[in-house]
Amino acid sequence: MINIILGILSTIGALSILFASIGLIRMPDFYLRLSVTVKASTLGVGLFLICAAIMFPDDISVTTKAIAILFFLIITAPVAAHMIARTAYITGTPLWRETVIDELHGMYNQETHELKSDPEEAAEENEQDPNMPNGQIADSDEKTE
Amino acid sequence: MIKYFLMNLLLSFIWVALTGSLSYSNFIFGLLLGFFVLWIMSRNEYDQRYFYRVPKIISFLLYFIWEMIKANLQVAYDVMTPKYFFRPGVVLFPLSAKTDLEINVLSTFISLTPGTLILDVSEDKKALYIHVMYLNDPETFVNSLKMGVERRLMEVLR
């Protein structure tokens, strides 16, 4: 019985990591790549850790370590993703050309990188860049490669 | 609230000590037993928040796991099929969460749901900027997020 549960959980974990790595190659732009990788790898590693905890039910130290790793993984992974995505946006990494809308464009103060929450207030402060009317959405596929 | 939680822990430790086997299933059983005992003992007490909040936290976690599995399947399907179905976009999400803790927990949960990724929090803590993978209409997306994750989270945290 336990073997079946272990098999199912670790298969799902391995598949989600596999899809994440395929997605890393196939996704059209940086943000989508980041988006796919962070979650799927968290889920996959988390499932493996749960498997390890189920595998050794008598050994408390394995379970506590698994729970601690899972806890820190869940806390730190989104923070890392947030920092990487923010840096990418500020340094001007283009979005995919079929991106529907970019509400973040023009909201940063150009010099201090202070972020506004009200679009009108931000528009007063920064004049829109005439070279990029669509925000950071790329014109062609070449830019995002 | 914290008093009840500590009493619950104490009861489960007593249960573990009495039964004499320190395994996780036994500890969790002790927690459940302690919760039940405390619930019966404090039916006439004024402060009942602990007993409402614990089931809500558990149901929130189950809801979150369910959402995560659903969204992961969708992304996996998209990765494997040759055609792209994404309509990505960056959306402004007006926050009703006020304190740092609430914003932190909310953004962690949004980032861990596949298909959505926090880009940044505005300086005055009034808006989140979210990168969404499947965006049909920004307003419906913001509304569904408000009614789903944020409402449930506020119920737990407040």
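The model is a predicted one, with local features requiring pLDDT of at least 70 and side-chain atom pairs counting only at pLDDT 80 or more, whereas totals for chains, interfaces and linings use all residues. Residues are numbered from 1 along each chain as its sequence is written, and chains are lettered from A and ligands numbered from 1 in the order in which they are written.

Chain B as a whole averages a pLDDT of 83, and 100% of its residues score at least 70. For chain A the average is 79, with 81% of the residues at 70 or above. Where pLDDT is low, the predicted coordinates should not be read in detail. For the complex, the predictor reports an ipTM of 0.75 and a pTM of 0.77.

Turning to the interface, 36 residues of chain B are in contact with 37 residues of chain A, a contact being two residues whose C-beta atoms, placed from the backbone, lie within 7 Å. On the chain B side, the elements that give two or more residues are α3 (49-80), β1 (89-94), α4 (100-112), β2 (116-121) and β3 (127-132). The most comes from α3(B), which supplies 5 residues. By class, this side of chain B has 22 nonpolar, 9 polar and 5 charged residues; Ala, Val, Leu, Ile, Met, Phe, Trp, Tyr, Cys and Pro count as nonpolar, Asp, Glu, Lys and Arg as charged, and the others, Gly among them, as polar.

One helix pair spans the two chains. The axes of α1(A), residues 2-26, and α3(B) come within 9 Å and cross at roughly 50°; axes are lines fitted to C-alpha atoms, for helices over the stretch in contact, and angles run from 0 to 180 degrees between N-to-C directions. The two helices are therefore oblique to each other, given that angles under 35 degrees count as roughly parallel, over 145 as roughly antiparallel, 65 to 115 as roughly perpendicular and the rest as oblique. The crossing of α1(A) and α3(B) is left-handed, a label for a near helix turned anticlockwise from the far one by less than a right angle, with clockwise giving right-handed. From α1(A), the contact draws on Ser16(A), Phe19(A), Ile22(A), Gly23(A) and Arg26(A), and from α3(B) on Asn72(B), Ala76(B) and Val79(B). These residues split into 4 nonpolar, 3 polar and 1 charged.

Within chain B, α3(B) also packs against α5(B): their axes come within 9 Å and cross at roughly 150°, so the two are roughly antiparallel. This crossing of α3(B) and α5(B) is left-handed. Arg53(B), Lys56(B), Ile57(B), Phe60(B) and Tyr63(B) of α3(B) meet Arg152(B), Leu153(B), Glu155(B) and Val156(B) of α5(B), and the contact has 5 nonpolar, no polar and 4 charged residues.

Helix α5(B) pairs with α4(B) as well, with axes that come within 11 Å and cross at roughly 140°. That makes α4(B) and α5(B) oblique to each other, and their crossing is right-handed. The residues involved are Glu102(B), Val105(B), Leu106(B), Phe109(B) and Ile110(B) of α4(B) and Val149(B), Glu150(B), Leu153(B) and Leu157(B) of α5(B). By class, they come out as 7 nonpolar, no polar and 2 charged.

As for annotation, the unreviewed UniProt entry lists residues 30-54 and 66-85 of chain A under "transmembrane region". UniProt positions are in the numbering used here, feature names are shortened, and annotations may be inferred rather than shown by experiment. Residues 30-54 of chain A are 100% helix and 0% strand, with end C-alpha atoms 36 Å apart. Residues 66-85 of chain A are also 100% helix and 0% strand, and there the end C-alpha atoms lie 28 Å apart. In chain B, the "transmembrane region" annotation, again from an unreviewed UniProt entry, covers residues 12-38 and 50-66. Residues 12-38 of chain B are 85% helix and 0% strand, and their end C-alpha atoms lie 11 Å apart. For residues 50-66 of chain B, the span is 100% helix and 0% strand, with 24 Å between the end C-alpha atoms.

Key:
Helix = DSSP H or I, 4+ residues; strand = E, 2+ residues; numbered from the N terminus. pLDDT = per-residue confidence, 0-100.
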